[in-house]
Amino acid sequence: MDIRAVVAIDFGTTFFVLQYDSNYQNVIKWGNSALSQKQSKHDRKNKDLSSSKTVELFKLYLGNIPQNEKPLLPYQLNYEKAISDYLRELGKTN
């Protein structure tokens with residue numbers, strides 16, 4: 001019997017959040033647990049972007065939207081790494 005399967009991942013924005021260590025090398029939390037640790041908008045405005053450990057909406061880099069409408073990412077992190085890290089964390093889910 002030849003069984004084939006197609007698996008799709010909905011890159012929704014609701015839980016598309018990663019929380020990194022201070023160097024943006026290791027994911028500390030992701031998804032819903034990272035959402036509960038997000039800084040308020042007020043806190044983010046008062047801090048340098050590079051000091052923020054929570055990263056979100058990086059999936060927008062996959063779309064055909066103007067560069068100025070894409071979210072700013074910390075200079076230590078590019079969207080390819082963020083997406084790879086997210087998929088890696090998703091793969092760890094039991």
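Three strands make up an open sheet whose order is β2-β1-β3, with antiparallel pairing; here helices (H or I, at least four residues) and strands (E, at least two) are DSSP runs numbered from the N terminus, and two strands count as paired if DSSP finds at least two bridges between them. The edge strands, each pairing on one side only, are β2 (27-30) and β3 (54-56), and the twist from one strand to the next averages 25°, where axes are lines fitted to C-alpha atoms, for helices over the stretch in contact, and angles run from 0 to 180 degrees between N-to-C directions.

This is a predicted model, in which local features need pLDDT of at least 70 and side-chain atom pairs count only at pLDDT 80 or more, whereas totals for chains, interfaces and linings use all residues. Residues are numbered from 1 along each chain as its sequence is written, and side-chain values use heavy atoms, with hydrogens and water left out.

Strand β1 (residues 17-20) is joined to β2 by three bridges, the two running antiparallel, and within this pairing leucine 18 stands opposite tryptophan 30 of β2. Helix α3 (residues 79-92) packs on the sheet, where it touches β1 and β2, and its direction makes about 100° with that of β1; contact means heavy atoms within 4.5 Å.

The largest nonpolar core has 13 residues, of which Leu18, Tyr20, Val55, Phe58, Leu77 and Ala82 touch the most other members. Such a core is a set of buried Ala, Val, Leu, Ile, Met, Phe, Trp, Tyr and Cys residues joined through side-chain atoms within 4.5 Å, with buried meaning under 20% relative accessible area, exposed over 50% and partly exposed in between (1.4 Å probe, protein chains only). The elements giving two or more residues to this core are β1 and α3, and α3 supplies the largest share, three residues. Leucine 18 also has contacts beyond four places away in sequence, among them Val27, Trp30, Val55, Phe58, Ala82 and Tyr86.

Most residues other than glycine have a negative phi. Tyrosine 24, although not a glycine, has a positive phi of about 60°; this tyrosine 24 is found in the loop between β1 and β2 and is buried, with a relative accessible area of 0%. Leucine 57, in the loop between β3 and α3, likewise is a residue other than glycine with a positive phi, near 60°, but leucine 57 is partly exposed, at a relative accessible area of 30%.
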